[in-house]
Amino acid sequence: MAHLAHLARMAVSDEELDTFAGQLDVILSAVARVAEVAAADIPPTSHAVAMTNVFRPDEVRPSLPREDVLACAPAVEDDKFRVPRILAEEA
Amino acid sequence: MSDLIGLTAAETAEKVASGEVSAVEVAQAHLDRIAAVDGKLNAFLHVDTDGALEAAKAVDAHRASGDQLGPLAGVPLAMKDVVVTKGLPTTSGSKILQGWIPPYDATISKRVKDAGIVMLGKTNMDEFAMGSSTENSAYGPTANPWDLSKIPGGSSGGSSAAVAGFEAPLSIGTDTGGSIRQPAAVTGIVGHKPTYGAVSRYGLIAFSSSLDQAGPFGRTVLDAALLHEVIAGHDRCDSTSIPQPVAPVVAAAREGARGDLSGVRVGVVRELQGEGYQAGVLASFEAAVAKLRELGAQVVEVSCPHFEYALPAYYLIAPSECSSNLARFDSVRYGMRVGDDGVNSLEEVMSLTREAGFGPEVKRRIIIGTYALSSGYYDAYYGQAQKVRTLIVRDFTAAFDQADVLVSPTSPFVAFGLGERVDDPMAMYINDLCTLPASLAGTPAISVPCGLSDGLPVGLQIMAPALADDRCYRVAAAFEAATDRLVPPAEVLA
Amino acid sequence: MTTLSYEDVVARYEPVFGLETHVELGTRSKMFCGCSTEFGAEPNTQTCPVCLGLPGALPVVNEVAIESTIKIGLALNCSIATWCRFARKNYFYPDMPKNFQTSQYDEPLCFDGYLDVEVEGKSYRVGIERVHMEEDTGKNTHVGTSGRIHGAEYSLVDFNRAGIPLIEIVTKPVPGAGALAPEVARAYVTELRDILRTLGVSDVRMEQGSLRCDVNTSLNRPGEEWGTRTETKNVNSLRSVERAVRSEIIRQAGLLDAGERILQETRHFSETTGDTRPGRSKEEATDYRYFPEPDLVPVAPDPEWVEKIRAGLPELPAARRARLRDSLGVSDDDMVQMSNAGVVDLVGATVEAGAPVGEARNWWLGYLAQQANSREVEASDLGISPAQVARLIALVADGTLSAGLAKQVVDGVLETGHDVDAVIAERGLQRVSDTGALEQAADEAIAANPDVADKVRGGKLPAVGALVGAVMKATRGQADAAAVKEILLRKLGVSE
């Protein structure tokens, strides 16, 4: 549970962890039923509509005005988004 | 109650076009209604009084200058807060987006504005559209206009309550697993989930991308059809948008209203009734099927054996996709930031922000989805769920060989009490039992009122093959024409 | 641990390497939105709802990016998928707007190809595992005393680069290169870069980060199974590719000699020290939770389209080299020399621009190669084009420039970035061919040195050299010495 919360970058209190753990068990045992019917020869459906090759031409379109881009940011400096110090190096 | 708010959208548009009333008068009447009753309903998260009056003025000016008005020009509309609206607060019912003013418009926002429809404001919803009762909103629950102690359905509960409560003749909802149809059913109005890809998703804050679909609410089938034609149609900004003409849903609604269903084959889905359904719901449903037969339809029973797996499949696919879609709420570019004290690292600030910004249901689903996608579990969960989807599509294909439309109750229950199920996720999830198959298959389905049980509305779900949305409207309109319109007791909001 | 000699190590161990190369495509707009890809714009001015990951925004694939990727796949002898999908690679990082990268997972657009490279006259086949599409991230600047991520107080993010189309080219493991493994790795990246430029799909400016390599290296004793590999990131120049493989071979050999195990880990290459150090990877193994991107539909290139793209491919560097070898009549030895210096295509292009082969070869292997070496860049990145070199050669041939002047012109071109003619004009480097001026200078030299003039008149022809020197001095070296001599002799009434 703690590992999942970490993967999802979400702090979770101990109390919540307990509640979730119990509920997850119930939910996962219910949803595990999918295994009953999904045989190996059945292809998965990832998209409800069978379309392929939807492309756009390589044309430059106007970008957003920078003031709009930065207007909603929690913190800005030098026209960039300011974030607290980063621990991990890039993946 | 002003006469103007009791009109259908079609009637309103006609009166505005003829000059009998001005769009400003219509907008003002609805704004007054909202001011009078929304304290009880809490259907709106944000009312845009100035914007609405301005849009209405523009419609009146167009009319005055002799311009041809669109079929819904001057008609007020309530927009679900999951739809991005430029310059208007958009929260998706979440604290994490409190105060966000989008710098762009969703395609449907643009289409609504271009059609001269007057947007009154943004409606309440379960946070990020996850829920069936609107109780998961970070901004308090919405009440049902039939009984303020009951839920208005969800996740589009603000939109259904606004229309059922005469705050707006039209609204827009989104449906991922039933979030238009179930609220329509439990508030006694019409709601349609279009074919996946019929309405652009550009600017809908994504919950589950392969399932999300926006659609119309109205008090009549024709009203819903008129709005459907405004918002549907190909959009180059959405890769999954279908590049085909919009199904002729308005014509189908008008044809259906003549009340003749002879030659139409209606399939009753054996697996979507019986145990677990309220007796009153089943009684209303059986009466509805009898009515369809009276209208000339040929009723057959069809079997869709894999529909029972729709619920588990859905509760793997939707959380998986949402765990990825909601990763962007990270306190970097917009939205809430918590714990930035100069000491905490970015990783800690992200975690604290997401802890504080998301409600329990959202967290629950993110955790489930993260689990279902994680290495070693993908095949057993997400992979299998995608296969179930194939089986459900096959069930539909076989059933549509025998029937032109399929019918079922929209929800196994009528509106339940606020607070009754919040602590039991599984009890909440089974609300979607009947609506999930069409969501997973991407096929269209409408909910139309079919009577009362214990004084609360019941919905009839009519499902059609992909791209044949017009069939839903035709059958729904015929049924509507043959039944009494449901109106909530006036004293509830008096 | 004492530092081992490379020769000793490769005598006892067999290296296996592999490369993952990321290349920014040169499309006008980004991978999934219409924002410009131009380098160097003001921060956050080339962003929109899509590449900022704003709620509700959706991607749409750039057709030219697909076409470019297919071109690359074909040039690398790959099969082109008849059906493939994008996938989401989920991980949190502040330069990644959606906190997932839209990439490809187990269904790459191009797969199973190869690229042959030549090192010291021997051909090596580098297998290509896959070529897939993805998007670039934004750029972080770390603020604090160190200027690096470690010890920074906070960071600033610019999303202009976010969403620029990236392709990733992954090789199969390459065994069998022995001591030449570093050179083969470098030759592969060099050849790949030349192919990308020839295809016109990327301008491949390594200094702007448009081509970046991750290098996998392992060692095994002869006859044993391949060893555990390390992945070295941050290898951003051709020279570094070679150095990274070499230093990793030596480092791993030291550990193996000491009986230690090689950790499967990510390491970082340092341009300054030339060696690798362990990355600060996260405590737990990253779980990217890949799944098919639901916002994009599958890509299923029509075989006819693929064949049309194949038919339209330009002549690739290897073919061009073979043709040059044949048509130019360059000797095999010369070819190897030119190939090692990475100037075959440059010589060919210079010849195509009108220069004689011998001259072109001499320039690219001579003065230009020296300049590239001293600047630590590839000859092709030197900043002078084959067309300009051809122009230079023509100006020497017609007497406008002397050999010495021509080198000064090259220096000027490299310093200013201006073209040959501009540099000549700006610096006044042209030979004095104005005969009036030369005549006058000759008269002045004769008048100033009557004794010498008399000696010449008296038949002591070599004495004219002093007069020539005087004229050259007066014209600051820009006169043609032979012409000056001729004028002087004529004026003195003698002939050779």
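1. In strand β10(C), E168(C) is the bridge partner of H22(C).

2. Chain C contains an open sheet of 9 strands, in the order β3-β6-β7-β10-β1-β11-β12-β13-β14, and the pairing is mixed. The edges are formed by β3 (79-80) and β14 (276-278) of chain C; each has a single partner strand, so one side of each is left without a neighbour in the sheet.

3. A helix accompanies part of this sheet. Helix α4 of chain C, residues 238-257, lies across β1, β11 (211-220), β12 (230-235), β13 (266-269) and β14 of the chain.

4. Chain C as a whole has 17 helices and 15 strands. Its C-alpha atoms fill a box of roughly 95 × 55 × 55 Å, taken along the principal axes. The chain has 496 residues, of which 47% count as buried. Of the contacts in chain C between residues at least 6 apart in sequence, 69% join residues that are at least 24 apart.

5. How many residues of chain A are in contact with chain C? There are 34 of them, and they meet 45 residues of chain C. On the side of chain A that touches chain C, β1 (55-56), α4 (66-71) and β3 (80-84) of chain A each supply at least two residues. Strand β3(A) gives the most, with 5 residues. By type, the residues on this side of chain A divide into 15 nonpolar, 5 polar and 14 charged.

6. Strand pairing also crosses from one chain to the other. Strand β1(A) is joined by 2 bridges to strand β2 of chain C, residues 61-62, and these two strands run parallel. Within this pairing, F55(A) stands opposite V61(C) in β2(C).

7. The last point concerns confidence. Chain C has a mean pLDDT of 90, and 97% of its residues reach 70 or more. Where pLDDT is low, the predicted coordinates should not be read in detail. For the model, the scores are ipTM 0.96 and pTM 0.89.

Methods:
Residues numbered from 1 in each chain as written. Chains lettered and ligands numbered in written order. Predicted model: local features only at pLDDT ≥ 70, side-chain atom pairs only at ≥ 80, totals over all residues. Pairing = 2+ DSSP bridges. Helix = DSSP H or I, 4+ residues; strand = E, 2+ residues; numbered from the N terminus. Contact = placed C-beta atoms within 7 Å. Axes fitted to C-alpha atoms, helices over the stretch in contact; angles between N-to-C directions. Nonpolar A, V, L, I, M, F, W, Y, C, P; charged D, E, K, R; others polar. Buried ≥ 20, exposed ≤ 12 C-beta atoms within 10 Å, placed from the backbone. pLDDT = per-residue confidence, 0-100.
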